[in-house]
Amino acid sequence: MSVSDSEDKLRHWVDDQPFDPQSRETLTPEQEKFYLASQWQLMWWKFRRHKLAMISAAVLALFYLSVLMSEFIAPYDLNTRDAKHILAPPQTIHLFHDGSFVGPFVYGYDLEKDEVMRQRIYTPSPEKVQPLRFFCLGDSYDYFGLVPGSFHFVCPAEGGSFFLLGTDRLGRDIFSRIVHGARISLTVGLFGITLSFILGIVMGGISGYYGGWVDNIIQRIIEMIRSFPELPLWMALSAALPANWSPLLIFFGITVILALFDWPSLARAVRSKLLALREEDFTVAAQLMGASPTRVIGRHLLPSFMSHLIASASLSIPAMILGETALSFLGIGLRPPITSWGVLLNEAQNLNAVVLTPWLLWPMAPVIIIVLAFNFMGDGLRDAADPYK
């Protein structure tokens, strides 16, 4: 009997066997949902199990939501001054006065001037009960510089004051300025990482896909950029920006400077991934079908590790924010009248700010919170994007 006759008899025997549904392994709805899930669904399910990353994502969402409502959240306009409350300490919110419930209110200050120490002494006065107003009309503003309005979440009492985090040397509310400064400090990271993301993907994609002398040239450029000390180079380039530029041009100039020195690390990550994937069967198949290098990189290679790129980008944003804060703190970054957290910290450079007016250091708190939140969320995204975890 030939081999083909034996195979035919075996095939006919299998076909004649009765079908038993119970003999086949069935999947539960949960298992079926897991096996049919896409890469992004699996990544989301793993990310949800990282509690600290989820909390950090919620904190970041609240901060970026506040960017859209800065004028509404801030009790005062960005440049509102109160000459009677220069360098006033924070006012504490109370609910009860003399044992009776009043609602949210603050005590007004009595001012005394110490001629010897040459400083103002503010003392809360129990006789000056100033109830807070909510969803009220207060300082006028232009929403995003376009739509006029005067509606605020909270306002001081008529003729009173409400300085949650104190005031600066010009009598401006620090809390309101922190809220307004978040719009610049948070968006500089997004604009910077977008530019850095584009440069890193393009340069890293070309380097990893073509290899050879192209790869050598790009890698030498990356090594030259990374060999420079970042902070002195940032300082030199920021100081080179023309002093007569508008605040908007200064903003974009700082963003470009930060992005130009952040893309090499992302480019190397993209290069290493493309070097590993360009010899895979699906890449060769796309090339044999006549796909251009741009299409192979953009439609086949990059999507296969886009989750890793997103995790890397989330870890690069805090570096952008810290870079802008450091440059503005040193006085060579963003400049007044534009306001960011670094510009606010510029007023707290001397020892007197720490000893006599420590509330001027409050702009440091949101910087710490944002950087920690981005790092924790980046750790969660990195773990979720790792197929071996």
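**Close-up views of a predicted model**

**View 1. The lining of the largest cavity.** Asp168, Ile174, Arg177, Leu344, Glu347, Leu360 and Pro363 line the largest cavity. The model is predicted. About 60 Å³ of space lies inside this largest cavity. How many cavities of 30 Å³ or more does the structure hold? The count is 1. Rolling a probe the size of a water molecule over the atoms shows where empty space is left.

**View 2. Leu146 in its loop.** Where does Leu146 lie? Leu146 sits in the loop between strand E4 and strand E5. Strand E4 covers 133-143, and strand E5 covers 147-155. Is Leu146 buried or exposed? Its relative accessible area is 70%, so Leu146 is exposed; the cut-off for exposed is over 50%.

View 3. The chain has 16 helices and 5 strands. It contains 389 residues, and buried residues make up 40% of them. The accessible surface of the chain comes to about 22200 Å². Carbon and sulfur atoms account for 64% of that surface. Consider contacts between residues at least 6 apart in sequence: 67% of them join residues at least 24 apart.

Conventions: Residues are numbered from 1 along each chain as its sequence is written. This is a predicted model: local features need pLDDT of at least 70, side-chain atom pairs count only at pLDDT 80 or more; totals for chains, interfaces and linings use all residues. Side-chain values use heavy atoms; hydrogens and water are left out. Helices (H or I, at least four residues) and strands (E, at least two) are DSSP runs, numbered from the N terminus. Buried means under 20% relative accessible area, exposed over 50%, partly exposed in between (1.4 Å probe, protein chains only). Contact means heavy atoms within 4.5 Å. Accessible areas come from the Shrake-Rupley method with a 1.4 Å probe; for residues, only the protein chains shown count as cover. On a 1 Å grid over the protein atoms alone, a cavity is a set of points where a 1.4 Å probe fits but cannot get out, and a pocket is an open set with protein on both sides within 12 Å along at least five of seven lines; lining residues have an atom within 4 Å of a point. Grid points are joined across faces, edges and corners, and a volume is the space filled by probe spheres set on the points.
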